[in-house]
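Reader: I would like to go through this structure with you, asking at each step what a given term rests on. Could we begin with the order of the elements?

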Amino acid sequence: MPVALTVPVTATLVRMRGTDDGPPRCIALAGEIGQEVKCTIYDRRPGPCRDFAPFAALGIGDEGCARARRRHGMKPLDE
Ligand code: SF4
């Protein structure tokens, strides 16, 4: 993970830059939310990103996915 994309949280933990902003937007996200976006470091994305909404590509969200979508004015995937 490029250090420039992260912000230290503790001595052994970092978070993606931008994810603690208001509103949050990861520095690695490209595109326009609600239109078309992509993770520019998809093959190297951190563990929490790999665990997030694992079936979203199949149109099946989860509560975290629904919260994120609502934050941007979108309905949950399964509504
Ligand atoms: S999947 Fe990519 S763009 Fe989304 S939060 Fe993780 S690193 Fe950032």
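Author: From the N terminus on, the protein chain runs β-β-β-β-α-α, which amounts to two helices and four strands. The model is a predicted one, in which local features need pLDDT of at least 70, side-chain atom pairs count only at pLDDT 80 or more, and totals for chains, interfaces and linings use all residues. Residues are numbered from 1 along each chain as its sequence is written.

Reader: What makes a stretch a helix or a strand here?

Author: Helices (H or I, at least four residues) and strands (E, at least two) are DSSP runs, numbered from the N terminus.

Reader: Where in the protein chain is confidence lowest, and where is it highest?

Author: On pLDDT, the predictor's confidence in each residue from 0 to 100, helix 2 (residues 63-71) is lowest at a mean of 93, whereas strand 3 (residues 29-32) is highest at 98. The mean for the protein chain is 94, and 100% of its residues reach 70 or more.

Reader: Why is Ala 53 called partly exposed?

Author: A residue is buried if 20 or more other C-beta atoms, placed from the backbone, lie within 10 Å of its own, exposed if 12 or fewer, and partly exposed in between. Ala 53 has 17 C-beta neighbours inside 10 Å and therefore counts as partly exposed. Ala 53 sits in the loop between helix 1 (47-51) and helix 2, and its phi is near 40 degrees, a positive value in a residue other than glycine. By the buried criterion, 4% of the 79 residues of the protein chain qualify.

Reader: What is the peptide bond from Gly 22 to Pro 23, cis or trans?

Author: That bond is cis, with omega near -5 degrees, and Pro 23 belongs to the loop between strand 2 (14-16) and strand 3. Most residues other than glycine have a negative phi, and most peptide bonds are trans.
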